[in-house]
Amino acid sequence: MRIAAALFLAVVALSALTASLIAPFDPLEQEVGRRLAPPSATHLFGTDGFGRDVFSRTLHGARVSLAVALAAVAAAGVIGSSLGLASGYAGGAFDLVVQRVVDVLLGFPFLVMALIVVVALSPAPLAVAAAIALALTPLVTRVARAAALSVANEEYLTVVRSTGAGASRIVLRHLLPASAPPLVAYLATCLGTAIGAEATLSFLGLGVPPPYPSWGRMLQEGSRAYFDAAPWVTLMPGAVLCLTVVCLVVVGDAMGDPRRGRAGPIRH
């Protein structure tokens, strides 16, 4: 199961990177004569209401959806991990302030916070990435802090402190590597959350502007007018989206499985 999930993710990533080369049609090309054509050897996923090839749009949509999700998770990972590790190691007033801010941010539902931010910044891929990153950051901070606390009092760190090592060196050279496994596993599952959030925001019309494709935008375009007559317009990109998110969760759990010699994902 884990190997199959990893292989599927590799295929999706490779397809997104080479979409311009392997897509059989221009994702923006419209042809009224072939509108709502069912899946066939020519159009693997059929065509939509404008005669555009759904398979080609799914490939190019993967590029947009994955790029936004990766940017969001990367930003949340850097900011959240830095704050969480520093908070867990420093303790005291700094830890108290950081955790109170995190508690306030966690008081907002994930998608509500992302929605507020993207509306404030105006709909665009960069704004969507920033909104998702801000919504993910308190979650990553909490996990990073818990990982730091689990190793901060280890005996070897006491020895390192006795040598006169500074706090930054201890955090970067000792605390971060020891906390990395659960953090990496959690960020892998966050990537699935970010892809789902991007699809939700695009479905609401707050993501990539038309006619450019993303998975969420394609779900919106197919479900509103064509689902009864041409369900493939929605089901094909929706299936790829769901499988990608599920595979990311499977791979994330595998990376944090303690039976494989790593610390499991931290629950909070």
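## Contacts of W215

In this predicted model, W215 touches V12, T58, G61, A62, S65, I195, V240, L241 and T244, leaving aside residues up to four places away in sequence; contact means heavy atoms within 4.5 Å. Residues are numbered from 1 along each chain as its sequence is written, and side-chain values use heavy atoms, with hydrogens and water left out. Local features need pLDDT of at least 70 and side-chain atom pairs count only at pLDDT 80 or more, while totals for chains, interfaces and linings use all residues.

## Pockets

A pocket is an open set of points on a 1 Å grid over the protein atoms alone, where a 1.4 Å probe fits, with protein on both sides within 12 Å along at least five of seven lines; lining residues have an atom within 4 Å of a point. The largest pocket is lined by 13 residues, and L9, V12, A13, L66 and L70 lie nearest its centre. α1 gives the most to this lining, with five residues.

W215 and V12 are among the residues that line the second largest pocket, as are T58, A62 and V240. α1 and α3 each supply at least two residues of that lining.

Conventions:
Helix = DSSP H or I, 4+ residues; strand = E, 2+ residues; numbered from the N terminus.
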